[in-house]
Amino acid sequence: MLKKRMLIVLGMAAVLSASCVSATVWAEENAETQTESETETTDESVTENDSTEETGEEAAEADVAEEENPEIQEGYTTELEGCTKVVSWCKNGDNNIYGQFYYPADFDETKTYPVVIMSHGIGSTSQMVERAKWPEKAAQDGYVVYTFDFCGGSLNGNSDVDFMDMTVMTEKEDLSAVMDFVKSKDYVDQEHLFLLGQSQGGLVSAFTAADRKEDVAAMVLVYPALCIADNARETYASAEDIPEGQAEMPVGTVGSEYVKAVYDLDVYGTISAYDGDVMIIHGINDMLVPYSYSEKAMEEAYTSEGSVLVPVYGKRSTHGFEMNFEEGRDYAETVGMEFLDAHLGNE
């Protein structure tokens, strides 16, 4: 069923550890001079949060447009190269979550498949993950993939909830609900459910895995936003200083509850509850979430022998590097999929 790059047990740890070495070799052969000036590229959060807010009339028009848009309707199908994408909504309580399954070309619903649930960053949508090519790459490799819009995850997502009402903890609840929905499918291999998250989606994945470690076989975190609690404390001297209604963070204007929810968080102490294998992929020129946060995660939280930090080099190895750095994106996806493949046992 699946054509996998199988790794023998004795060689597995060596292959994963060698990821850092291979990244260095790759960088030496391909990275451009990093001393050149560059404009930092972040995920879509900054530009979206800086945009003018919609008026009530504009918002109503947008709602009508969504209702009339067939591409977000349940069951809408798109044939892609080597896989098929199908719209599939789910729920977190009363909130509707827009999502999409990606199925391998030879998908057979009577069989079971490893699954990857992919989470986007703040201010963006599942389209950010799609643009980075992660879902197609995994589906072409034989995985079923589910991507979704967090409730309130951006100003233009398809799921319910206003952006100002979103917090890291509401997103953690969304992801947990998505996991339950995906696990309810008969074609899901319950022993091989993986999480992959970009930026804040990486942080949310890490928090969710810490609560549901028995359900998560392994994780790939791409420039995870492990800095958010520090950002909150650097912006406001105390929790009492956080204004009501709206507050400011490096990504832009957010709801006050967003800042309050992370202000006292012990990020590394919390995520260390997950004792499975984790691969973190992070660009060394990331200025929004410095690379040092991922280094600390490997030292204090993800200490299993199978966990590894993979640096991405080059002057364009910034936050959201998959968007404008094709070589870095291809490399990240190659090592990321090899990492997941290594956790499929002898399948």
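Before you click anything, one term: a residue is buried when its relative accessible area is under 20%, exposed when it is over 50%, and partly exposed in between (1.4 Å probe, protein chains only). What you have open is a predicted model, where local features need pLDDT of at least 70 and side-chain atom pairs count only at pLDDT 80 or more, while totals for chains, interfaces and linings use all residues. Residues are numbered from 1 along each chain as its sequence is written, and side-chain values use heavy atoms, with hydrogens and water left out.

**Stop 1: a helix with a charged pair**

Select 256-263, which is helix H9. Helices (H or I, at least four residues) and strands (E, at least two) are DSSP runs, numbered from the N terminus. Show the side chains of Lys260 and Glu257: they form a salt bridge, with the closest N and O atoms 3.6 Å apart. By salt bridge I mean a side-chain nitrogen of Lys or Arg within 4 Å of a carboxyl oxygen of Asp or Glu. The two residues sit three apart in H9, about one turn of the helix. Lys260 is partly exposed at 30% relative accessibility, and Glu257 is partly exposed too, at 47%.

**Stop 2**

Searching the whole structure turns up ten salt bridges. Now pick Arg212 and Asp180, whose closest N and O atoms are 2.9 Å apart in another salt bridge. Arg212 is in the loop between helix H7 (200-211) and strand E9 (218-222), while Asp180 is in helix H6 (residues 168-183), so this pair ties together parts that are 32 residues apart in sequence. Arg212 is buried at 14%, whereas Asp180 is partly exposed at 43%.

While you are here, click Thr208 in helix H7. Is Thr208 buried or exposed? Thr208 is buried, at 2% relative accessibility. Leaving aside neighbours within four places in sequence, Thr208 is in contact (heavy atoms within 4.5 Å) with Lys172, Leu175, Ser176 and Met179.

**Stop 3: the nonpolar cores**

A nonpolar core is a set of buried Ala, Val, Leu, Ile, Met, Phe, Trp, Tyr and Cys residues joined through side-chain atoms within 4.5 Å. Which residues have the most contacts inside the largest core? Ile117, Val182 and Tyr302 do, in a core of 66 residues. H6 supplies the largest share of this core, six residues. Apart from it lies another core, of 31 residues, including Ala138, Tyr223, Val308 and Tyr331.

Center on Ile117. Beyond its neighbours within four places in sequence, Ile117 is in contact with residues including Tyr146, Phe148, Leu175, Val182 and Leu196.

**Stop 4: strand E7**

Next, select 144-148, strand E7, where five of five residues are buried. Both faces are covered: Val144, Tyr146 and Phe148 are on one side, with Val145 and Thr147 on the other. Strand E5 (residues 99-104) is joined to E7 by four bridges and runs antiparallel, with Gly99 opposite Phe148. Strand E6 (residues 113-119) is also joined to E7 by four bridges, but runs parallel, and Val116 has Val145 as its bridge partner. Two strands count as paired if DSSP finds at least two bridges between them.

**Last stop: neighbours in sequence**

Finish at Asp330 and Arg329, whose side chains meet in a salt bridge (3.1 Å, N to O). Asp330 is partly exposed at 34%, whereas Arg329 is buried at 14%.
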